[in-house]
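Subject: Structure for you to look at

Hello,

Here is the structure I promised to hand over. My notes follow below it.

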Amino acid sequence: MNEHIVNEFLAEFKEIILSGNFYLIPREKNIEGLINLGINRQQAKKEILDLTYENYYQGPVIDEYVNYKGDLWIFGKDINNIQTYIKLKIEIKAGKKIAKCISFHPADFTMKFSI
């Protein structure tokens with residue numbers, strides 16, 4: 001993947017977070033993941049804000065769920081010595097961009113990064 005494209009996505013995602021439009025999906029796997037990682041939602045948000053191209057794993061991939069539009073971007077990061085799977089998406093609702101974290105939990109498999 002082109003480093004410039006990944007950096008553009010991350011810059012836009014982070015800008016949306018800083019504008020206050022961030023949503024971490026409260027799926028059971030994410031809630032348990034935060035507990036297992038020993039962090040809270042605010043710390044997860046900080047970890048996302050610290051992502052770089054070096055954390056890139058995959059994307060953009062099409063969100064295949066019915067009625068969901070947009071691409072998914074997947075990153076990984078070691079948090080408290082646990083490889084963590086982070087899936088992000090920029091969604092537009094009512095004309096507003098929302099930075100959504102779809103997944104944030106210990107990885108179910110070993111992730112190999114782009115660099």
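Start with helix H3, residues 41-49: its buried residues are Ala-44, Glu-47 and Ile-48. Buried means under 20% relative accessible area, exposed over 50%, and partly exposed in between, with a 1.4 Å probe and protein chains only. These three cover an arc of only 100° around the axis, which puts them on the same side of H3. The arc is that of the directions from the helix axis to the C-beta atoms.

Before going on, some ground rules. This is a predicted model, in which local features need pLDDT of at least 70 and side-chain atom pairs count only at pLDDT 80 or more, while totals for chains, interfaces and linings use all residues. Residues are numbered from 1 along each chain as its sequence is written, and side-chain values use heavy atoms, with hydrogens and water left out. Helices (H or I, at least four residues) and strands (E, at least two) are DSSP runs, numbered from the N terminus.

What do the buried residues of H3 pack against? The list is helix H1 (3-18), strand S1 (22-24), helix H2 (28-37), strand S3 (71-79), strand S4 (82-93) and strand S5 (96-106). Contact here means heavy atoms within 4.5 Å. At the start of H3, a side-chain oxygen of Asn-40 comes to within 3.0 Å of the backbone nitrogen of Gln-42.

Now H2. Its buried residues are Asn-30, Gly-33, Leu-34 and Leu-37. Seen down the axis of H2, they fall within an arc of 100°, so they line one face of the helix. An α-helix has 3.6 residues a turn, so residues three or four places apart point the same way. On the other side of H2, Glu-28, Ile-35 and Asn-36 are exposed. The cover over the buried residues of H2 includes S1, H3, S3, S4 and S5. Just after H2, Gly-38 has a positive phi of about 75°.

Last, the whole protein. It has three helices and five strands. From the N terminus on, the order is α-β-α-α-β-β-β-β. Of the 115 residues, 41% count as buried. Take contacts between residues at least 6 apart in sequence: 59% of them join residues at least 24 apart. The C-alpha trace spans about 40 × 30 × 30 Å along its principal axes.

Best wishes

Methods: Polar contact = N/O pair within 3.5 Å; in protein donor to acceptor, adjacent residues only side chain to side chain.
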